[in-house]
Amino acid sequence: MYEFLQNNQNLLWLLAIVSIFAFIATLVVIPWLVTKIPVDYFSPRKRPVMPRRKEHPVVRWILLLIKNLLGAVLFLLGLVMLVTPGQGLLTMLVGLILLDFPGKFRFERWIISNKQVLRTVNWLRQKRNREALKLD
């Protein structure tokens, strides 16, 4: 183990810098994204139709790809933050909101129904003068 650490000092420094950057970025970005969630996002039983349906198909697919890539990155960062400093569950929730996959809404509602997650999300929203999220 000591030999591995000696031989890979540059890699360890890079990982430390990336970890610090990700931690600081989530402290800024996640609260901002949480305030952008519509108050009734978790309330409806049926999901609304995709708002970009009328755009050109190529533009729509490019935006969908970017949104899903960002969601996947945030979700993976959230997983990492479950064992490192950071807002793991909140980062995962925002990543999930950006992703598109079958059963997503049910999974999001399951996460947000956790009292601690909902309390934290609503606390962040309150700090930015936003209304608390409404659940059924």
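Mentor: Let us begin with Phe42, which counts as buried because its relative accessibility is 0%; keep in mind that this is a predicted model.

Trainee: And what about Tyr41, buried or exposed?
Mentor: Tyr41 is buried, since its relative accessible area is 13% and the cut-off for buried is under 20%.

Trainee: How many aromatic pairs are there?
Mentor: The count comes to two aromatic pairs. In one of them, the ring centres of Tyr41 and Phe42 lie 4.9 Å apart with the planes at 85 degrees, so this pair is edge-to-face. The pair formed by Phe107 and Trp110 is stacked, with 5.9 Å from centre to centre and 15 degrees between the planes.

Trainee: Where do Phe107 and Trp110 sit in the chain?
Mentor: Both belong to helix H5 (residues 104-112), and because they are three residues apart there, about one helical turn separates them. Phe107 is partly exposed at a relative accessible area of 31%, whereas Trp110 counts as exposed at 60%.

Trainee: Where is the kink in H2 centred?
Mentor: The kink, of about 35 degrees, is centred on Thr26, and Thr26 is also one of the buried residues of H2, which include Ala22, Ile30 and Pro31.

Trainee: What covers those buried residues of H2?
Mentor: The cover includes helix H3 (57-81), helix H4 (88-98) and helix H6 (115-127).

Technical notes
Residues are numbered from 1 along each chain as its sequence is written. This is a predicted model: local features need pLDDT of at least 70, side-chain atom pairs count only at pLDDT 80 or more; totals for chains, interfaces and linings use all residues. Side-chain values use heavy atoms; hydrogens and water are left out. The bend at a residue is the angle between axes fitted to the seven residues ending there and the seven starting there. Helices (H or I, at least four residues) and strands (E, at least two) are DSSP runs, numbered from the N terminus. Buried means under 20% relative accessible area, exposed over 50%, partly exposed in between (1.4 Å probe, protein chains only). Contact means heavy atoms within 4.5 Å. Rings of Phe, Tyr and Trp (its six-membered ring) pair if their centres lie within 6.5 Å; planes under 30 degrees apart count as stacked, over 60 as edge-to-face and the rest as tilted.
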